[in-house]
Amino acid sequence: MQTLNYDFPARQVAARAVHIGVVASGDLEILLEPPAAGDHVDNAAVRVRTSVDGFDTVWHEVLERFFRRTSLAGRWELNDFGATPGVVTLRLRQAAEAATENETLP
Amino acid sequence: MTDTANTELLAGQTWQQLLRRRSFIELDALGRASALLDPASLRVLAGPFDRLESPWLEPQGITPQADDGTVIARGTVEGHPVVVAAIEQGFQGGGTGEVSGAKISQALLRAGADSRAGTPTAVVILFETGGVRLQEANLGLNAVAEICSAVLDLRPLAPVVGVVAGTVGSFGGMSIAAGLCTRLIVTPQARIGLNGPAVIEQEGGVEEFDSTDHALIWAVDGGEQRYATALADALVPDDADRIRAAVHDAIAAGVTESGRHRSQRVDVLASRLAMLDPAAAPSPRDLRRMWGGSYDPIPIPVAAAGVDTRNEPPGTRGRSWLRALTGGAAPQAIIPSVLSATAETARYLAVVPDPDNRFYRARQGQVGLTESLALAQSVRDLIEADKDAEQKRAIIAVVDLPSQAYGRNEEMAGLHQAMAVTTDAYHAARTAGHPIVALVVGTALSGGFLTHGLQANQILALDDPGVEIHAMHKAAAARITLRTVDELDQLAKTIVPMSYDVEDFAKLGFCDALLTVENADAPTPHDVETVSAAIDDAVRRARSGPLDLSNRLDSEAAVTTRHASRAVRDLLAAQWNPEP
């Protein structure tokens with residue numbers, strides 16, 4: 001198991017906390033919370049805990065691409081059980097959508 | 001697909017209804033809880049953002065889940081106050097760990113407190129579990145014992161409804177809890193069993209159970225078969241609305257009259273087992289005819305097949321200690337594999353090997369069908385004999401057993417239900433005021449220990465290398481968790497609940513004393529004196545202590561080791577009622 005931390009610049013703030021997904025085989029859960037008091041409101045702080053070691057670069061690429069398009073600030077926690085990049089992106093989009101419902105993403 | 005297969009999966013639905021239906025099985029745990037509760041009534045307690053995850057997984061390199069894979073949701077069903085405990089089958093195969101288990105038992109206990117205070121609060125448990133999470137072994141095993149006890153505490157006050165929808169089904173110790181429920185609802189896709197097919201094949205060989213034979217698996221464990229043999233109360237299709245309606249019916253029916261629960265029907269179990277001969281085992285289809293679809297004693301039980309040869313049973317620790325502690329008086333064999341010795345103040349019970357056991361998978365001292373029945377009968381007899389006594393006699397469970405019986409006949413007959421009968425009996429004795437003391441003198445593994453030992457007020461163990469307490473024997477646990485035995489030994493050094501060492505078991509908070517003896521195999525007079533004194537102390541503590549299992553969370557060791565369970569208890573208490 002590996003724990004990875006990333007920060008990405010962000011313009012919009014998550015409106016609400018959301019929980020998406022399950023730590024099931026080939027899947028992951030995402031906990032997204034709006035920035036806490038004292039956090040930078042222009043930062044997406046991402047912590048990934050993954051059961052599969054050695055994919056740091058892939059994680060960075062997948063997350064970078066997502067946050068370039070969906071610039072959502074807050075605390076992101078990803079608990080991963082071997083999800084493929086496609087599933088990760090799907091779950092990220094689901095979380096972003098649920099956290100900004102009735103608002104337009106930048 | 002044949003017409004028969006279609007009919008089975010439709011379970012009474014037309015194909016038009018099938019097409020319109022909302023699948024329940026496809027929902028995750030939260031989705032299932034939402035599907036059962038009245039709209040907008042759902043409130044999740046100890047949810048993902050409370051981050052009560054398992055403290056034992058990350059150190060083993062396993063990604064934890066923020067709610068440990070169990071959703072506790074309060075709400076109403078047609079206005080009735082209800083708590084849903086939904087197990088997420090995707091996370092660790094729904095395995096019961098310390099936190100997920102404590103969430104269920106504490107929710108049951110709080111529902112019990114509300115019910116006693118005048119608001120009957122039903123609990124619906126959505127069983128989707130492979131059993132105890134082997135990565136949290138002994139803490140998972142204990143969690144199941146606490147869940148069973150809490151189900152039995154609540155059941156007279158408010159209904160406890162079990163739902164097994166699939167696709168994981170219910171296996172392992174949690175199936176004992178399923179066997180204790182007021183009502184059990186299944187789908188045709190559900191499976192209920194004590195031992196899963198793969199484990200039986202691993203332990204007993206492919207001729208005992210071919211775990212690749214899916215038709216066989218569902219014929220033995222499947223929801224339809226369990227319903228047809230009255231081991232489940234309702235068979236409904238995989239349709240969220242139909243399952244919700246069945247849950248509502250079960251809640252509206254209220255509590256079942258005492259004595260009528262399946263797990264209290266020692267008589268039905270006895271008559272069913274009397275006509276089951278493993279030497280001429282019926283097919284699962286024939287079993288339906290033999291046992292019938294109602295849970296009543298079978299009128300003319302066929303006499304059990306006689307055994308001509310009686311091989312000398314091997315000497316074991318269980319036998320030696322039982323004999324030594326009861327003053328050398330010849331113990332009575334309730335059946336050859338269950339010994340009982342009744343002294344003035346206590347009854348001693350032990351499960352021992354019987355080389356001629358007609359249930360051949362229970363010949364080495366495993367707890368099987370007839371052992372569960374004999375234990376339950378003996379415990380129930382003592383409750384009855386002492387019902388007017390001011391001081392109830394103690395029950396000393398002498399524990400030296402390799403496991404439960406891993407066998408196809410055992411599963412077909414519903415070993416989980418037989419064990420539920422024993423669990424119920426021990427719980428009934430404990431709550432009636434009989435001090436129950438488990439004395440572990442040898443191995444105490446898995447479902448065997450759940451049935452014979454873990455419902456005790458007090459647990460004592462010999463401090464001896466031959467004493468081994470665990471959720472599964474080492475070789476099997478290694479195979480199932482895809483580790484080597486060496487890796488398991490390494491992990492056990494830091495992950496206390498995984499250790500096979502009795503000194504580590506004593507750190508978990510529910511071992512009340514470790515006893516040093518000179519000879520654990522053949523107790524010396526001095527050993528007998530030591531252990532007898534320890535039993536007397538334990539009986540005294542049990543008489544002045546709580547009748548439930550709360551002392552397991554309040555002990556000094558629990559404060560250190562079971563801090564996660566205690567955090568669950570505190571958080572559920574804090575969140576139980578909505579903030580004003």
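The model is predicted: local features need pLDDT of at least 70, side-chain atom pairs count only at pLDDT 80 or more, and totals for chains, interfaces and linings use all residues. Residues are numbered from 1 along each chain as its sequence is written, while chains are lettered from A and ligands numbered from 1 in the order in which they are written. Chain A has two helices and six strands, and chain B is divided into two parts, domain 1 and domain 2.

**Chain A**

- Read from the N terminus, the elements of chain A follow the order β-β-β-β-β-α-β-α; helices (H or I, at least four residues) and strands (E, at least two) are DSSP runs, numbered from the N terminus.
- Chain A is as compact as a globular protein of its length, because its radius of gyration of 13 Å is close to the 13 Å that the globule rule gives for 106 residues. The radius is taken over C-alpha atoms, and the rule is 2.2 Å times the number of residues to the power 0.38.
- Along the principal axes, the C-alpha atoms of chain A fill a box of roughly 35 × 25 × 25 Å.
- Buried residues make up 39% of the 106 in chain A. A residue is buried if 20 or more other C-beta atoms lie within 10 Å of its own, exposed if 12 or fewer, and partly exposed in between, with C-beta atoms placed from the backbone.
- Of the contacts in chain A with a separation of 6 or more, 83% are between residues 24 or more positions apart. Two residues are in contact if their C-beta atoms, placed from the backbone, lie within 7 Å.

**Contacts between the chains**

- 15 residues of chain A are in contact with 13 residues of chain B.
- The side of chain B that touches chain A consists of six nonpolar, four polar and three charged residues. Here Ala, Val, Leu, Ile, Met, Phe, Trp, Tyr, Cys and Pro count as nonpolar, Asp, Glu, Lys and Arg as charged, and the others, Gly among them, as polar.

**Domains of chain B**

- Domain 1 of chain B spans 3–94 + 108–162 + 171–252, and domain 2 spans 318–556; the bounds come from an automatic or database domain assignment.
- The C-alpha centres of domain 1 and domain 2 of chain B are 27 Å apart.
- Between the domains of chain B, 40 residues of domain 1 are in contact with 41 residues of domain 2.
- On the side of domain 1 of chain B that touches domain 2, two or more residues each come from α5 (137–154), α6 (174–178), α7 (197–204) and α8 (214–221) of chain B.
- With 13 residues, α5(B) gives the most to that side of domain 1.
- By class, that side of domain 1 has 21 nonpolar, 13 polar and six charged residues.

- Eight of the eight residues of β11(B) (residues 394–401) are buried.
- In a regular strand the side chains alternate between the two faces of the sheet.
- Both faces of β11(B) are covered, with B:Ala394, B:Ile396, B:Val398 and B:Asp400 buried on one side and B:Ile395, B:Ala397, B:Val399 and B:Leu401 buried on the other.
- β10(B) (residues 346–351) runs parallel to β11(B) and is joined to it by five bridges; two strands pair if DSSP finds at least two bridges between them.
- B:Val398 in β11(B) is the bridge partner of B:Ala350.
- Together with helix α14(B) (residues 369–385), β10(B) and β11(B) make a right-handed β-α-β unit. A crossover is right-handed if, with the strands pointing away from the viewer, the path from the first strand over the helix to the second runs clockwise.
- β12(B) (residues 436–445) is also parallel to β11(B), and six bridges join the two.
- B:Ala438 in β12(B) stands opposite B:Ala397.

**Backbone details and a loop residue in chain B**

- Most residues other than glycine have a negative phi, and most peptide bonds are trans.
- The peptide bond from B:Gly166 to B:Thr167 is cis, with omega near 10°, and B:Thr167 is in the loop between β5 (160–164) and α6 of chain B.
- B:Ala40 has a positive phi, near 70°, and sits in the loop between α3 (29–36) and β1 (43–45) of chain B.
- B:Ala40 counts as exposed because it has 8 C-beta neighbours inside 10 Å.
- B:Glu78 has a positive phi of about 50° and lies in the loop between β2 (70–77) and β3 (80–87) of chain B.
- B:Glu78 has 13 C-beta neighbours inside 10 Å, so it counts as partly exposed.
- B:Asp501 is in the loop between α19 (485–494) and α20 (502–505) of chain B, and is partly exposed because 16 other C-beta atoms lie within 10 Å.
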